[in-house]
Amino acid sequence: MKNTKLQAFTPLFYLVWSDDLLTQKEFTTLKEFINSLNVLSQEEKEYLLSKVDISNPPSRNELTQWKLDIEKSIQDKSSVKSIFDIARALSGTDLDLTPIESDFKKLENDLGILGEEALQNFKTKADSFTANSHTDASFDIQKITQLLDGKEGAIIERVKSVISRPEFAYETSTDINVFRQTVYKWCKILADENLGGMAYPKEYGGGGNIEDYFAIMETLSYHDLSLVIKFGVQFGLWGMSVQSLGTEKHYAKYLKDIGSLKLPGCFAMTETHHGSNVKGLETTATYNHNDQTFTIHTPNKNAQKEYIGNAAVHGQMATVFAKLIIDDHDYGVNAFVVPLRDPNGNVLNRVTIGDCGHKMGLNGVDNGTISFDNVVIPKDNMLDRFASVNDKGEFESPIPSDNRRFFTMLGTLVGGRIGIPRSALVAS
């Protein structure tokens, strides 16, 4: 501080700004104290008030300098019993603090900075590395941001600008129905910005850029994690399962509508009893030779699809993982596109959907259960990149080994395992 008279207030400012626990009320208390000091001119008061402006905190260098000034002023630390003693040492002969000693000590009490514990902030071991250390210069935040963002810098900045809009104000309602609709609205805005289909091929309305897709997921984690999950279920799990496991006919039929959120959907793999043992799932897809269809069926309560994101409210279709049965022979787990609701949101016949309700977190995501009672779907609804049923009703696959085919199918879906830790790092 240029005015040595005002250095008396340095320890107060240092303690206020170095303690994250101080509240708005305590800052207000300090302001009232400054305004009450008749020994100061109006100009001096305004200067001191500028140092307790919550919207304009001091720099790290300024905090360091304050502490150095304090430590230099109290050579005999054993004689210092209060913050007032430090203030008197700092002011020297420029300011007689005696008239305001009682006010000063009352302020110490109001701020909770009385006693030896508060003074420990200034009793650094003399001549230690930390006592003498200070920052010579600050680094350029923009440059280090560019370095960390790398080639995804442009898309990251674009997403940050979108989620900074007023319509992305944090949802504070504890009503999960309100929260779910807000998160759905956010996803629709992102889809309208052509961010949802970023990973899909350009010829199907996408951006053709998987790296940018994961950068979008990562950046959304600065805002709301329910949004990250909802966005990931819709455009990642649902859309990318169609892209990764389907073929051209599925891309043409679904990807553009998925990317625009015209067709909300689910990723229905998990069942109540199989846990992470995907090979153990029990939902069946039985091939019907007479009309070239599949019948999707949940054989028992424990085979229902469990905790499926987008299922409880918004999902109109799902990628359903089921055991393919042809002529009573089990050909293992395959994937099928199965309708759940009509465009008006009405649940279709023979489909039963439950709501997982309140959770410990992520309540903006509508997790639900799905059961199928002999739901018939067209043959083309089988996602047939790695396995198919030919016109003769025979099972075909370019990968002869059942195990290799199974793990190849699951291997196309590991992108989510990249997105989750990237989002977690940003959230932390």
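Modeller: Let us start with D328, which lies in the loop between strand 5 and strand 6 (329–339). Please bear in mind throughout that this is a predicted model.

Colleague: Is D328 buried or exposed?

Modeller: A residue counts as exposed when its relative accessible area is over 50%. D328 has a relative accessible area of 79%, and D328 is therefore exposed.

Colleague: What is the phi of D328?

Modeller: The general idea comes first: most residues other than glycine have a negative phi. The phi of D328 is near 65 degrees, a positive value in a residue other than glycine. Y307 also has a positive phi, near 60 degrees, and is likewise not a glycine. Y307 has its place in strand 4.

Colleague: Why does Y307 count as partly exposed?

Modeller: Partly exposed is the class between buried, under 20%, and exposed, over 50%. Y307 counts as partly exposed because its relative accessibility is 45%.

Colleague: Where does Q316 lie, and what places it in its class of accessibility?

Modeller: Q316 lies in the loop between strand 4 (305–308) and strand 5 (317–326). Its relative accessibility is 14%, so Q316 counts as buried.

Colleague: Which residues does Q316 touch, not counting those up to four places away in sequence?

Modeller: A contact is a matter of distance between heavy atoms, with a cut-off of 4.5 Å. With residues up to four places away in sequence not counted, Q316 touches K262, L263, P264 and G265, together with P339, L340, R341, D342 and P343. Q316 and G345 are 29 residues apart along the chain, and their C-alpha atoms are separated by 7.1 Å.

Colleague: Which element holds S226, and which residues are in contact with S226?

Modeller: S226 is found in helix 13 (residues 225–245). With neighbours within four places in sequence left aside, the contacts of S226 are F179, V183, L362, N363, G364 and V365. S226 has a relative accessible area of 3% and is therefore buried.

Colleague: How does one describe the packing of two helices, such as helix 1 and helix 4?

Modeller: One states the angle and the distance between their axes. Helix 1 (residues 10–18) and helix 4 (residues 60–73) pack at an angle of about 135 degrees, and their axes are 10 Å apart. The two helices are therefore oblique to each other. Their crossing is left-handed. Helix 1 contributes T10, P11, F13, Y14 and W17 to the contact, and helix 4 contributes L63, W66, K67 and I70. By class, the residues of this contact are seven nonpolar, one polar and one charged.

Colleague: How is the chain described as a whole?

Modeller: One turns to totals. The secondary structure comes to 16 helices and 11 strands. The chain has 428 residues, of which 48% count as buried. Its accessible surface comes to about 21,800 Å², and 50% of this belongs to carbon and sulfur atoms. Among contacts between residues at least 6 apart in sequence, 68% join residues at least 24 apart.

Key. Residues are numbered from 1 along each chain as its sequence is written. This is a predicted model: local features need pLDDT of at least 70, side-chain atom pairs count only at pLDDT 80 or more; totals for chains, interfaces and linings use all residues. Side-chain values use heavy atoms; hydrogens and water are left out. Axes are lines fitted to C-alpha atoms, for helices over the stretch in contact, and angles run from 0 to 180 degrees between N-to-C directions. Helices (H or I, at least four residues) and strands (E, at least two) are DSSP runs, numbered from the N terminus. Angles under 35 degrees count as roughly parallel, over 145 as roughly antiparallel, 65 to 115 as roughly perpendicular and the rest as oblique. A crossing is left-handed if the near helix is turned anticlockwise from the far one by less than a right angle, and right-handed if clockwise. Ala, Val, Leu, Ile, Met, Phe, Trp, Tyr, Cys and Pro count as nonpolar, Asp, Glu, Lys and Arg as charged, and the others, Gly among them, as polar. Buried means under 20% relative accessible area, exposed over 50%, partly exposed in between (1.4 Å probe, protein chains only). Accessible areas come from the Shrake-Rupley method with a 1.4 Å probe; for residues, only the protein chains shown count as cover.
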